[in-house]
Amino acid sequence: LGDVYKRQFNNWRDKKMEKAKKGKPFGFYVCALGFTFERLAFYTVKYLLAIWIATEVASGGLGLSDVEGAAMSGSFVAWTYITPIFGGYIADHWISPRICVPLGMILMGLGYVCTWKADSMTLVWAMIILVSIGTGLFKGNLSGINGLLFHDAEELDEAFSIQYSFVNIGSFIGTTFIAMLATTGLFGIKTSFNTVFLICGIFMFIDAAWFILNSKALGDAGKKPFKVDQREFETAGKKEADDAKLTSGDVKRIVAIILVTLFSSIFWMVWYMAYMPAYYRFGWGDGADYMNLANWYIGSFQVPTSWFDSVNALVCIILGPVLAMVWAKMAKRPKGDMSMFKKTALGIMLVGCSYIVMVVADKIAAANGQCSVFWLALVCLLMSVGEMVFSPLGNSFISKLAPAKVLGLLLGFWPIAVFLAQKIYPSLYAWLKTLDFTMGYGGLAAVIIVLGILLWAFSGKLDEMEKAE
C-alpha cells in the first residue's frame with residue numbers, strides 16, 4: 001500500500017512540475033504585449049482628444065467647443081469598437097490573421113501621425129478612419145491568434161484574464177504618464193498635444209515591429225484564415241470543406257455568444273455613463289461641486305485628473321492574475337467553473353451597485369455640502385470588479401464555442417457591445433438629468449440589478465445552448 005501511495009504522489013508531483021515548467025508559451029507574451037502598446041496609444045489619445053479639440057489655438061488646441069470635442073471623442077471610441085466585426089470576417093475568409101494584425105498596427109500608427117500634423121478637423125477625421133480600420137484588423141484577430149496557442153480549453157480563461165492585465169497596463173501607462181506630457185508635464189518635461197500624438201504613432205510602429213520580429217514564437221497559429229487554421233487544429237489535419245453547413249448545435253452556440261454580447265452591452269452602457277455623474281455631478285457640475293476633481297492633492301502634490309481614469313486600469317491589472325487563479329481553481333471543481341452567463345450577470349449586478357453608492361454619496365453631499373473622495377473610489381472599485389468578472393473572458397468564451405468558419409467574425413462581434421453602449425448612453429444620461437438624481441439613478445440601479453438577477457436565474461437554460469451538439 002505504501003508503494004501505491006508513493007507512486008500516486010510521484011505522479012502528482014511530476015504533473016505539477018511539468019505544468020510549472022511549461023508555463024505560458026512565449027507567443028502568449030508576444031500577443032499580450034501587442035495589446036499593451038496598442039492600448040497605451042489608444043487611451044492616451046482617448047483622454048486627450050476632447051481636451052485638445054476644445055483648447056484654445058494659442059495653447060496648442062483647435063479652439064473648438066467642448067461639445068464638438070466630446071462628440072469627436074465619442075465617435076473615436078465608438079467606431080473603433082465596431083470595425084473588428086469586419087476585420088474578423090476578413091481574417092476568417094480571405095487574409096491571414098498574421099498579416100491583418102501588423103497591418104492594423106501600422107494603420108493605427110499612421111492615424112496618430114495624422115493627428116500630429118492636424119490643424120483642422122479634416123485630419124482628425126482621417127485619424128479616426130485610419131485608427132478604426134486598423135483596430136478592426138487588429139483587435140479580435142490578435143486574440144484569435146493567442147487563443148490558438150493553447151491546446152487545453154481550460155487554460156483559456158486563465159490566459160485571457162492575464163492578457164486583460166496586459167491590456168490595462170497599457171491603459172494605465174497612457175493615462176498616468178504619457179497623457180501628462182501634454183497637460184501638467186512629466187518630470188519637468190512638457191510637450192504639445194501634437195507631439196504626444198506623434199509619440200502614440202511611434203508606439204504603434206514599435207508594436208508592429210515587435211509582432212513581426214517575434215512571429216516565429218507563434219508557430220503556425222494564425223498563418224491561415226481562421227476557418228482553415230482552426231479546422232485543421234481541431235481535426236488534426238483533416239480539412240473540412242469550406243462550404244460545410246453550420247449544425248443546429250453550432251447555431252445554438254452562436255446564439256449563446258450573441259446573447260452574452262447583448263447583455264454585456266447593457267453593462268457597458270451603464271459602465272461608461274457612470275463617468276458622467278462622477279465627473280460632472282461630483283466634479284465640475286454647476287451648483288453641485290461636491291468634490292472638485294480638478295483639485296485633488298496628496299500633500300502638496302496635485303493629482304492629475306487623468307489619474308481618475310487610471311484607477312480602473314490599476315484595479316484591472318491587480319485583479320487579472322488573481323481572477324485567473326480563481327477561475328482555474330473553480331474549473332477543477334466537480335461542477336466546474338461558473339458559467340459565462342452567471343459571470344456576466346454578476347458583472348451587471350456589481351455595476352448596478354456602483355450606482356447605489358453614487359446615490360448614497362449624493363445624499364451625504366447634499367446634507368454636508370461635500371462627501372469623501374472614498375465614495376467615488378468605491379464606485380470605481382465596483383465598476384472595475386464588475387468589468388473584470390466577465391469582460392476578459394469574452395474572447396475565451398468565443399474561442400471555445402465559436403464554429404471555426406465564423407471564429408474571427410464572432411471575436412469581432414464581441415466589441416460591438418461597447419459601440420452600442422457609446423451610442424445609447426449619452427441619450428440616457430441626458431434624460432436622467434431631467435429627473436431627481438436619487439429617483440433617476442436609484443431607479444436605474446434597481447433596473448440593472450434586476451436584469452442581472454434575471455440573467456443569473458435563467459443561466460441554467462442558457463448554458464444548455466453552449467453544450468448543444
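Which residues have the most contacts inside the largest nonpolar core? This is a predicted model, in which local features need pLDDT of at least 70 and side-chain atom pairs count only at pLDDT 80 or more, while totals for chains, interfaces and linings use all residues. Residues are numbered from 1 along each chain as its sequence is written, and side-chain values use heavy atoms, with hydrogens and water left out.

The residues in question are Phe-76, Tyr-112 and Trp-268, in a core of 134 residues. A nonpolar core is a set of buried Ala, Val, Leu, Ile, Met, Phe, Trp, Tyr and Cys residues joined through side-chain atoms within 4.5 Å; buried means under 20% relative accessible area, with a 1.4 Å probe and protein chains only. Helix H2 (residues 26-54) gives the most to this core, 15 residues; helices are DSSP runs of H or I, at least four residues, numbered from the N terminus. Leaving out residues up to four places away in sequence, Phe-76 touches Tyr-112 and Phe-42, among others, where contact means heavy atoms within 4.5 Å.

Ser-265 lies in helix H10 (residues 248-273). Ser-265 counts as buried because its relative accessibility is 11%. Its side chain reaches the backbone oxygen of Leu-262 at 2.4 Å. Beyond neighbours within four places in sequence, Ser-265 is in contact with Ala-417, Leu-420 and Ala-421.

H10 also meets helix H15 (residues 394-401): their axes, lines fitted to C-alpha atoms over the stretch in contact, come within 10 Å and cross at roughly 170°. H10 is therefore roughly antiparallel to H15, a term for angles over 145 degrees. On the H10 side the contact involves Arg-253, Ala-256, Ile-257 and Val-260, and on the H15 side Phe-397, Ile-398 and Leu-401.

Technical notes: Helices (H or I, at least four residues) and strands (E, at least two) are DSSP runs, numbered from the N terminus. Buried means under 20% relative accessible area, exposed over 50%, partly exposed in between (1.4 Å probe, protein chains only). A polar contact is a pair of N or O atoms within 3.5 Å; within protein, one must be able to donate a hydrogen and the other to accept it, and residues adjacent in sequence count only if both atoms are side-chain atoms. Axes are lines fitted to C-alpha atoms, for helices over the stretch in contact, and angles run from 0 to 180 degrees between N-to-C directions. Angles under 35 degrees count as roughly parallel, over 145 as roughly antiparallel, 65 to 115 as roughly perpendicular and the rest as oblique.
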